[in-house]
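I opened a new protein model today and wanted to get to know it piece by piece. These are my notes on what I looked up.

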Amino acid sequence: MATSIESHVVDITTCAICLEKLNIPKYLPCLHTFCESCLRTYITAIFEKEHKQSIECPVCRTSVTLPKEARTPDEWAKVLPLNFLIVGLLEKEKVESPQKQCMVCERMETKSEASFICVDCSDLLCSNCKKHHKASKTSCDHEIRQINELSSVTDCLKTFKNKCSEHKGEELKLFCADNQTPCCSMCVSIHHRRCEHVLSIEDAAMEYSKSDKIEYLRTQLGNVNSDVKAIIKDRSSAKENIEKEYYQKQKDLEIIFCDLVAKINDLKVRREAELLKNYNEAKEAIETTIIIFQNKQKNIENEKQILDAAVNIASNVQVMIEVEKLKKHVEEHKQLIQTKITEIVNYELVLQNAENITKLAEQMEKECQISCKKTNKCIELSSVTVTPNFSEIFSCCRFGKVFYGWKVGSSKKDAIRFSLSKEIELCGLLSYVCSDGLSTCDVNATVKHDTTDLVVVTDTIDSKLAENKMVKIEFPTPVKLLANKNYHAVMLMRGPQCYYGENGKTVVDSHGVVFTFEHSPLSDNFTSTGSGQIPGFLFRIPV
């Protein structure tokens, strides 16, 4: 698997490719920023060498697909978005430099000392460039001040400006609170005409700075970073263990086959190949996970630097913009962890029936086979809740016979107490339908533990949809039930007479889960272990 370059960049204004100050900083979807010329060279090399229509970020290996509007490396590098935060930081560095050079002259590859500063452009200007700046139509109304008259040069600048990516040349001066999106005036006219809450971006940023979104993002980044480190540490340990096991099992194989080298040399070679194959597959799987999360860690470190830089140096507007960008990436980090954590397993190289080889030389082809046992690994995480894998949804029924004529419609409730032999997720209840096979019935179903309602569902059951005179009342979200705990299923039905069950069992074994039923003190409509309502459950089992 391709590995990323080791980043020695400690300053987000330094290009990770050339290790120089960023020149025309362009950023990839992963938020890593590079010089436009460095990206052009990098893309060209990928195109010439691998003939791909995509590249990988040089730092974190995130895949980036060639946009439709770009056909060449030069076009691709040009259409990548400019990082205005970095532009503002670089301009600020130049303005704060003790030796203030005219930035316009620098761009024309000449040098002259600056005496003035354009507040709107953040450009340092010499006397000559100041005259041209004032004479230009586009900049004639800009505020220009003498440097030696300012107590702080940077405080007066309107740095960290942002341009609209859709409408060229338009500044992002508005903010749509309905969609949480910065907009230019064209965006508002075209895309946000029906939005009710469109503010100036400065007002929105002021409100944003007073909220806890920045600290919340910082906490989320910290949690995700901790989880990534935990996964890398765990997988690194797993890699060391599998390597130790590999060398130990290799020694075991050597001892076994040395006794039978005349007869089983060929088999030995094949078995070692199997061992190496399993080892390499396990090692590659572990290394792949490590690399994925190491690269993700680089993303997080970069995002933390971006957040710190924005909070410490940038304007409130830029802080808001950067935080909104970063929030999307945090969710992507969480989604990656949520997806990958369920795939993590521990590997163990196993030699099967190795002790029988000396006795069964003629059957060696079947003996001492190489395999790699995988077991699920639980890593304690803080940024995401890991959802375990579950079986399909099963159903159980506690009654043997069905009769008609059960009275419902009053305020009386049917209930049954039950416990389980193992942990499950309860997905719903089974309910009998109306005896006429046509009517509907209103049902309020509750599952309780002690006095706590774990789930409450209100539904209308249609007798015409019944199977075996029952319908399923499914919960919006499955409820986790623990082994050896007492629970109550309670049902209040309103409608015509219904079917009911008889010959009830107190113990039902369904797909390896043992349900034990008892009379519930919450039942005041005669439902019991032997007869009544609440015939069964819908459930699934963690696997």
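**Entry 1: what kind of model**

I noted first that this is a predicted model.

**Entry 2: helix H7**

I began with H7, which runs over residues 201-210. Which of its residues are buried? I found Ile 201, Ala 204, Ala 205 and Tyr 208. These residues span an arc of only 100 degrees around the axis, so they sit on the same side of H7. Then I turned the helix around. On the face away from the buried side I saw the exposed residues Glu 202, Glu 207 and Lys 210.

Next I asked what the buried residues of H7 pack against. My list has three strands, E8 (174-176), E9 (181-183) and E10 (198-200). It also has two helices, H8 (213-258) and H10 (316-341).

**Entry 3: H7 against H10**

I reminded myself that a pair of packed helices is described by the angle between the axes and the distance between them. For H7 and H10 I wrote down an angle of about 70 degrees and axes 8 Å apart. The two helices are therefore roughly perpendicular to each other. H7 passes H10 in a left-handed crossing. By class, this contact has nine nonpolar, two polar and three charged residues.

Which residues meet there? From H7 I listed Ile 201, Glu 202, Ala 204, Ala 205, Met 206, Tyr 208 and Ser 209. From H10 they meet Asn 316, Val 317, Met 320, Ile 321, Val 323, Glu 324 and Lys 327.

**Entry 4: H8 against H10**

I moved on to H8, still with H10 as the partner. At what angle do their axes cross? I got roughly 30 degrees, and the axes come within 10 Å. That angle makes H8 roughly parallel to H10. H8 passes H10 in a left-handed crossing.

On the H8 side, the residues in this contact include Ile 214, Leu 217, Leu 221, Val 224 and Ile 231. On the H10 side, they include Val 319, Val 323, Leu 326, Val 330 and Ile 337. Sorted by class, the contact residues divide into 13 nonpolar, two polar and four charged.

**Entry 5: a closer look at Ile 214**

Ile 214 is buried, with a relative accessible area of 12%. What does Ile 214 contact, leaving aside neighbours within four places in sequence? My answer is Leu 307, Val 311, Val 319 and Val 323. I also checked Ile 214 against Met 320: they are 106 residues apart in sequence, and their C-alpha atoms are 8.4 Å apart in space.

**Entry 6: two positive phi values**

I then looked up two non-glycine residues with positive phi. Leu 31 has phi near 85 degrees, and Asn 484 has phi near 60 degrees. Where are they? Leu 31 is in the loop between strands E1 (25-27) and E2 (33-35). Asn 484 is in the loop between strands E19 (470-481) and E20 (487-494).

Are they buried or exposed? Leu 31 counts as buried, at 6% relative accessibility. Asn 484 is exposed, with a relative accessible area of 66%.

Ser 431 is in strand E16, residues 424-432. I wrote down a relative accessible area of 0%, so Ser 431 is buried. Beyond residues up to four places away in sequence, Ser 431 touches Ile 461, Lys 469, Met 470, Val 471, Ile 473, Met 491, Met 493 and Pro 535.

Gly 437 is in the loop between E16 and strand E17 (440-449). At 26% relative accessibility, Gly 437 counts as partly exposed. With residues up to four places away set aside, Gly 437 touches Ser 463 and Lys 464. The C-alpha atoms of Gly 437 and Ala 466 are separated by 8.1 Å, with the two residues 29 apart along the chain.

**Entry 7: Glu 106**

My last stop was Glu 106, in helix H4 (residues 103-107). Glu 106 is partly exposed, with a relative accessible area of 36%. Apart from neighbours within four places in sequence, Glu 106 is in contact with Lys 94 and Gln 101. I finished by checking Glu 106 against Ile 541, 435 residues away along the chain: their C-alpha atoms are separated by 69 Å.

Terms used:
Residues numbered from 1 in each chain as written. Predicted model: local features only at pLDDT ≥ 70, side-chain atom pairs only at ≥ 80, totals over all residues. Heavy atoms only, no water. Buried < 20%, exposed > 50% of the residue type's maximum accessible area, 1.4 Å probe, protein only. Helix = DSSP H or I, 4+ residues; strand = E, 2+ residues; numbered from the N terminus. Arc of directions from axis to C-beta. Contact = heavy atoms within 4.5 Å. Axes fitted to C-alpha atoms, helices over the stretch in contact; angles between N-to-C directions. Parallel < 35°, antiparallel > 145°, perpendicular 65-115°, else oblique. Left-handed = near helix turned anticlockwise from the far one by under 90°. Nonpolar A, V, L, I, M, F, W, Y, C, P; charged D, E, K, R; others polar.
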